[in-house]
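Thank you all for coming.

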Amino acid sequence: MASLRVPFLSFDAQHSPLKTEILAALERVYDSHWYVLGQEVQQFEQEYAAFNQTAHAVGVANGLDALVLCLRALGIGPGDEVLVPSNTYIATWLAATHVGATPVPVEPDPATSNLDPTQLQAAITPRTRAIVPVHLYGQACRMREIMEVAGRNGLHVVEDNAQAQGAAFDGQLTGSFGDINATSFYPGKNLGALGDAGAVTTANEQLAQRVRVLRNYGSQQKYYNEVVGYNSRLDELQAAVLRTKLPYLAAWTAQRQQIATWYHRHLAGIEGLRLPHTAPGATHVYHLYVVHHPRRDALQQHLAQAGVGTLIHYPVPPHRQQAYAHTPAARLALPVAEQLAQTCLSLPLWPGMTEDHVASVAAAVRSFGQ
């Protein structure tokens with residue numbers, strides 16, 4: 001059994017050293033008397049765009065809104081189809097549904113859990129308008145192949161980069177391939193706010209401006225509304241927190257990758273346990289460290305008894321959720337997504353973990369079934 005209790009997630013190593021800086025940032029906003037769409041948001045947008053190597057970043061309220069606004073900016077709506085992974089958090093599907101489009105699931109590569117580019121062409125119909133690849137768990141999708149399929153078929157690409165800030169494929173950062181892309185700064189993300197927050201990234205000034213208008217009630221000038229918009233603005237307090245944390249993201253990513261390396265070594269050779277696999281050309285920033293085991297539920301219970309926290313990302317594929325029970329997707333056979341949902345288990349991984357933590361988790365895994 002584990003010699004150390006290891007929670008699934010801890011913010012201590014990230015937040016404790018930054019407490020003075022973060023409180024100073026919050027005080028700066030408090031004293032500014034400007035709390036919505038002010039200097040903090042503008043500065044963060046510039047800084048995050050520079051980090052992500054895109055011309056524009058537009059701060060919005062959360063990751064789901066970011067996806068919705070991307071699709072709205074592209075003019076995607078009723079009658080259109082959007083290709084989405086069958087294996088993803090439901091927000092990817094919800095975004096298509098919210099704009100009136102139909103999410104069309106495409107199965108993942110079983111080795112990586114990411115969208116399989118070789119499955120895309122068969123899913124394209126005359127109604128298909130966009131592909132939404134999700135860089136799941138922190139690993140970049142095979143973006144060159146995805147972009148080639150999109151280019152051949154005249155489709156837009158919207159990257160869901162919520163879990164992979166700083167990841168890359170063939171040296172290009174995720175969140176910079178697509179026409180327009182979404183990310184989330186939910187607190188547990190690699191770059192997390194202290195509440196809900198998100199952003200849209202793009203190289204296209206026109207699309208960026210559309211999102212700026214859509215996020216603010218469809219308005220450029222106060223009380224003059226050009227389109228039916230939303231109230232989806234990144235607030236000044238969260239922007240100030242994100243500005244404080246962004247310079248540390250590269251170091252935190254390096255820690256995540258080191259922890260994953262320790263896991264690879266300590267978990268090697270365990271019968272029945274499948275470790276994360278990274279595709280050639282892709283980098284992995286390990287938002288999550290996800291293993292697979294045929295007796296996942298029993299393993300999770302065993303680890304809980306050993307003091308090791310785990311989560312399942314995700315136990316029910318979107319097409320099996322009650323929210324989509326009334327749609328044709330509910331009748332689809334998507335065996336890869338269903339198999340991944342039955343076997344996946346996320347082990348603890350957070351900046352500040354030591355090799356002793358990893359060794360304790362691995363010892364608990366090894367003792368399963370003995």
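Helices (H or I, at least four residues) and strands (E, at least two) are DSSP runs, numbered from the N terminus. This is a predicted model, in which local features need pLDDT of at least 70 and side-chain atom pairs count only at pLDDT 80 or more, while totals for chains, interfaces and linings use all residues. Residues are numbered from 1 along each chain as its sequence is written, and side-chain values use heavy atoms, leaving out hydrogens and water.

Helix α5, residues 91–98, lies across β2 and β3, and runs at about 175° to β2. Those strands belong to an open sheet of 4 strands, in the order β3-β2-β4-β5 with parallel pairing, where two strands pair if DSSP finds at least two bridges between them. The edge strands, each pairing on one side only, are β3 (102–106) and β5 (156–157). Further in, 3 bridges join β2 to β4, and V82 has A130 in β4 as its bridge partner.

Now to the residue: UniProt, in an unreviewed entry, places the feature "active site" at K189, although such annotations may be inferred rather than shown by experiment. K189 is found in the loop between β8 (181–184) and β9 (198–202). Is K189 buried or exposed? K189 counts as buried because its relative accessibility is 16%, and buried means under 20% relative accessible area, with a 1.4 Å probe and protein chains only. Leaving aside neighbours within four places in sequence, K189 has contacts that include S184, R256 and H287.

Notes: Contact means heavy atoms within 4.5 Å. Axes are lines fitted to C-alpha atoms, for helices over the stretch in contact, and angles run from 0 to 180 degrees between N-to-C directions. Buried means under 20% relative accessible area, exposed over 50%, partly exposed in between (1.4 Å probe, protein chains only).
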